[in-house]
Amino acid sequence: MTLSSNLPQSERLIYYGSQRSLTPTPVHLPGTDCTISPEVPLAHYTSFRVGGPAQWYVAPRRWEEVLESFDWAKARGLPMTHLGAGSNLLVCDRGIPGLVISTRHLRHREFDAESGYITAGAGEPIARLAWQAAKRGWRGLEWAVGIPGTVGGSVVMNAGAHARCLADVLVNALVLLPDGTIEQLEAKDFDYRYRTSALQGSDRLVLQATFKLQPDSTRSQVMAATTQNLQQRKTSQPYHLPSCGSVFRNPQSNAAGWLIEQIGLKGYQIGGAQVAHRHANFILNCGGAKAVDIFNLIHYVQEQVERHWSLSLQPEVKLLGEF
Ligand SMILES: Cc1cc2nc3c(=O)[nH]c(=O)nc-3n(C[C@H](O)[C@H](O)[C@H](O)COP(=O)(O)OP(=O)(O)OC[C@H]3O[C@@H](n4cnc5c(N)ncnc54)[C@H](O)[C@@H]3O)c2cc1C
């Protein structure tokens, strides 16, 4: 066994006889508490519980660590992928090349009672923020209570439920640009539409967001609305098995779930992936599903809906990697 010596220790190639394999070791970013780890299975970090490894993975706790991670990847010419709670993602089985930066540990929040502003780090769970606002009697986030994503992912996705969405409350967000500068974007800059924002498909990373709520509301009413929203979701949606929530965007005519249910696809299964019985716009990982099972089931549902309804269903879930 020999080591190539012209690379940093962490990235040396190891030659096993005639076979060459890369056996990288974790990289500690100097001056930080941050470690960049090789070959991290992303199934651990997505709500579908499927997906191959990130070539490199980092979950910084501070902005400086995000910047250091950015610089590290840029110096090596590695592509970067942003990850929140992974609750709207289908990661391919082969995994993701380059550096996957998870913002899940960018956690801080501030409630300003005078203005009704909440400023939260990208990694704050949006549902937790909704409960904290409700307990204070602040109105505006009751809809977000059952959404298992982060603030960052929800800003990008324009997450929504119960006829409300993130665009209704966003004031501004701080984003990190690919050149390493931090810019404040106002709500209008996001060009928000149904589950869509200008940040989708871009390489800008959300660091924090500020929302405007109504702090002078009645606590018992806000709590009641929040609790009711959660109960309604739990009875109408399958929370007991891994999923990504709604797989398809709702077309204007009818809810995607209704269109799928009407053509008898509830319970239809490919490998370990199944169209949920409780809500036909959910695909569940019933155990042992591969990303490709889910991908194939998405395609099958699209084909059937197209055939029966002459409608092209568009996925809401984001696909990462090669399928
Ligand atoms: C059971 C269940 C129920 C759900 N119900 C709803 C619902 O009612 N309404 C709804 O809208 N959604 C719902 N979802 C989907 C999902 O929770 C939302 O889309 C959520 O906002 C995604 O946030 P995330 O942090 O998990 O983002 P991820 O899934 O990690 O990422 C989503 C996209 O945002 C990007 N991204 C994530 N974080 C950042 C960041 N900090 N900076 C830049 N880009 C970033 C990713 O690259 C990706 O393109 C549900 C999901 C599940 C599993």
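## The surroundings of the ligand

The shell around the ligand is made up of 14 nonpolar residues, 15 polar residues and one charged residue. Here Ala, Val, Leu, Ile, Met, Phe, Trp, Tyr, Cys and Pro count as nonpolar, Asp, Glu, Lys and Arg as charged, and the others, Gly among them, as polar. The model is a predicted one, in which local features need pLDDT of at least 70 and side-chain atom pairs count only at pLDDT 80 or more, while totals for chains, interfaces and linings use all residues. Residues are numbered from 1 along each chain as its sequence is written.

In total, 30 residues surround the ligand; a residue is near a molecule if its C-beta atom, placed from the backbone, lies within 6 Å of it. The closest are Gly84, Gly149, Gly152, Gly153 and Gly245. Two or more residues of the shell are given by each of β7, α3 (151-157), β12 (160-161) and β16 (205-212). The largest share, five residues, comes from α3.

## The chain as a whole

Six helices and 20 strands occur in the chain. Both are DSSP runs numbered from the N terminus: helices are H or I with at least four residues, and strands are E with at least two. The radius of gyration of the chain is 21 Å, close to the 20 Å that the globule rule gives for 323 residues, so the chain is as compact as a globular protein of that length. This radius is taken over C-alpha atoms, and the globule rule is 2.2 Å times the number of residues to the power 0.38. The C-alpha trace spans about 65 × 55 × 30 Å along its principal axes.

The domain assignment divides the chain into domain 1 (2-102), domain 2 (109-235) and domain 3 (238-316); such bounds come from an automatic or database domain assignment. Between the C-alpha centres of domain 2 and domain 3 the distance is 27 Å.

Two strands pair if DSSP finds at least two bridges between them.

Four bridges link β7 to β9 (residues 96-102) in the parallel sense. Histidine 82 has isoleucine 101 in β9 as its bridge partner.

## The sheet with antiparallel pairing

Strands β10 (residues 109-112) and β11 (residues 117-121) run antiparallel and are joined by four bridges, with aspartate 112 opposite tyrosine 117 in β11. The two strands form a hairpin with four residues between them, and glycine 116 in the turn has a positive phi of about 80°. Five bridges connect β11 with β16 in the antiparallel sense. In β16, phenylalanine 211 is the bridge partner of isoleucine 118.
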